[in-house]
Amino acid sequence: MAYKRVEVPAAELERQREICAKIREGLGGARPLAFVDTYGCQQNEADSEALRGYIELMGFGFTEDENEAELIVVNTCAVRGHAEMRVLGNVGALVHAKARNPRLIVAVCGCMVQQPHMAEKIKNSFRVVDLCFGPHELWRFPELYERAARRRGRVFEVSPCEGVVAEGLPVHRQGSVKAWLSVMYGCNNFCTYCIVPYVRGRERSREPEAVLREFESLVRQGYKDITLLGQNVNSYGNDLGGKCDFPDLLRKINDIPGDFWVRFMTSHPKDATKKLFDTMAECEKVCTSIHLPVQAGSDRVLQDMNRRYTAEKYLSLVDYARKLMPDLTITSDIIVGFPGETDEEFESSLAFVRKVGFARAHVFAYSRRPGTRAYDMGDQLTNAVKEARSHEMIRVTTATQQAFFKAQIGRTEEVLFEREIQKGVWEGYSMNYTPVAVASDTSLAGEIRSVRIESCTDTHCMGAVL
């Protein structure tokens, strides 16, 4: 069946705002507290910002203490089994908070509950949950909350959906320096290990005009480090009839007046083009850093993962990009213990990581996800093998990270500072996403300063403000 793009009508979104106003009026001037607990990726963080936006319009304040909350929203991740087990354990423990406060509404949303077997598990085994909804229903949160708050039974909205585009959702962001901005939703890649296309639906690009309006608003609000989000930003615009691709969007954003940096994630190597890297090199506000998940260094494993590129193709992209941008930082994701991965293939991945020299890499042991093609593959490896390979890969990626940090010593970098990590020590990131810490008796939050890198630790480069 062909995918049909579905846009939520403005009238429907206005109706949700009217419900928020009705809920706020019903509070009679009281300001109850809500706790939004987020798991998973940056897209989940962006979704939680929209949830907080609605919750704020409903008249709630915010807390990080579940015992103070009248509303708890748990925004879940489905990428790995470990994350799901953490969520279920934490949701189960909320029975104590509910016993202390029978008025408490507990909502569980996000990718995990879009899986039918997990929604059923929550319905049958976690009676503490009053409201459960998938990513496609987020725009209806006020309506769903109102139904649950009336106590007319539990509310479950997790029907299969290819996904929607809802423009104009309210947003409550945390912090004043960095911001997330979703440019597209969903995924069409169907990597054999990944559940995301099944729970977040097909790719839907936001119209460039809507993205630019929101970006301009963020600049006016003073945000200086803005990250464009998508499961695969490199395929942005494929569903817009040739109107605008991702490099085109980057150029439009770069032309916006203001003092800001722009980053993006995540990039799929099969769709990373020379045009993308040319654009990065030519746009002074686009940061010289890219998250380019390779996942494996063996062509046979990459083929079984349905990644649709080879190790050689990935290396050619890296070579081209580094010739244009010698200070480019490349970070990555790596899966070890994929079904059928031999010792030799794992060694190929280790050698590949050393050759690229990633500045940072997230290492994951393969997690078997029901509903994906890899779930039914033969030759599933034991947990002991996956754990041993994880430790070895982490050892190698730690070494490449340290080599990257040491190579920064003696350089002078522009650093955007975010926060004080300990008394008199401020942390920020350079344009190539190097974490930098400096000593300062005065606040550096939100400021861009020139810093000379003098040393490094396991986690940061250390320097002095010039």
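Q: Is R15 buried, exposed or partly exposed?
A: This is a predicted model, in which local features need pLDDT of at least 70, side-chain atom pairs count only at pLDDT 80 or more, and totals for chains, interfaces and linings use all residues. Residues are numbered from 1 along each chain as its sequence is written, and side-chain values use heavy atoms, with hydrogens and water left out. Buried means under 20% relative accessible area, exposed over 50%, and partly exposed in between (1.4 Å probe, protein chains only). R15 has a relative accessible area of 32%, so R15 is partly exposed.

Q: With which residue does R15 form a salt bridge?
A: A salt bridge is a side-chain nitrogen of Lys or Arg within 4 Å of a carboxyl oxygen of Asp or Glu. Helices (H or I, at least four residues) and strands (E, at least two) are DSSP runs, numbered from the N terminus. The closest N and O atoms are 3.2 Å apart, and the partner is E12.

Q: How many salt bridges does the rule count?
A: The rule is the 4 Å limit between a side-chain nitrogen of Lys or Arg and a carboxyl oxygen of Asp or Glu. Under this rule, the number of salt bridges is 32.

Q: How far apart are the closest N and O atoms of E49 and R173?
A: E49 and R173 are both buried. Their closest N and O atoms form a salt bridge. It links distant parts of the chain, E49 in helix α2 (residues 42-57) and R173 in the loop between β6 (155-157) and β7 (178-182), 124 residues apart. The N and O distance is 3.8 Å.

Q: How far apart are the closest N and O atoms of E214 and R173?
A: E214 forms a salt bridge with R173. E214 belongs to helix α7 (residues 208-220) and R173 to the loop between β6 and β7, 41 residues apart. E214 is partly exposed at 22% relative accessibility, whereas R173 is buried at 16%. The closest N and O atoms lie at a distance of 3.0 Å.

Q: How many aromatic pairs does a search of the whole structure find?
A: Rings of Phe, Tyr and Trp (its six-membered ring) pair if their centres lie within 6.5 Å; planes under 30 degrees apart count as stacked, over 60 as edge-to-face and the rest as tilted. The number of aromatic pairs found is 13.

Q: What is the angle between the planes of F215 and F260?
A: F215 and F260 form an aromatic pair, with 5.1 Å from centre to centre. F215 is in helix α7 and F260 in the loop between α8 (246-254) and β11 (261-265), 45 residues apart. Both F215 and F260 are buried. The pair is edge-to-face, with the planes at 65°.

Q: Which kind of pair do the rings of Y314 and F358 form?
A: Y314 in helix α11 (residues 311-324) and F358 in the loop between α12 (343-356) and β14 (360-365) are 44 residues apart, so the pair, with ring centres 6.3 Å apart, links distant parts of the chain. Y314 and F358 are buried. The planes stand at 70°, so the pair is edge-to-face.

Q: Over which ring does the charged end of K123 sit?
A: A charge sits over a ring if NZ of Lys or CZ of Arg is within 6 Å of the ring centre and within 35 degrees of the ring normal. The charged end of K123 is 5.0 Å from the ring centre, and the ring is that of F156.
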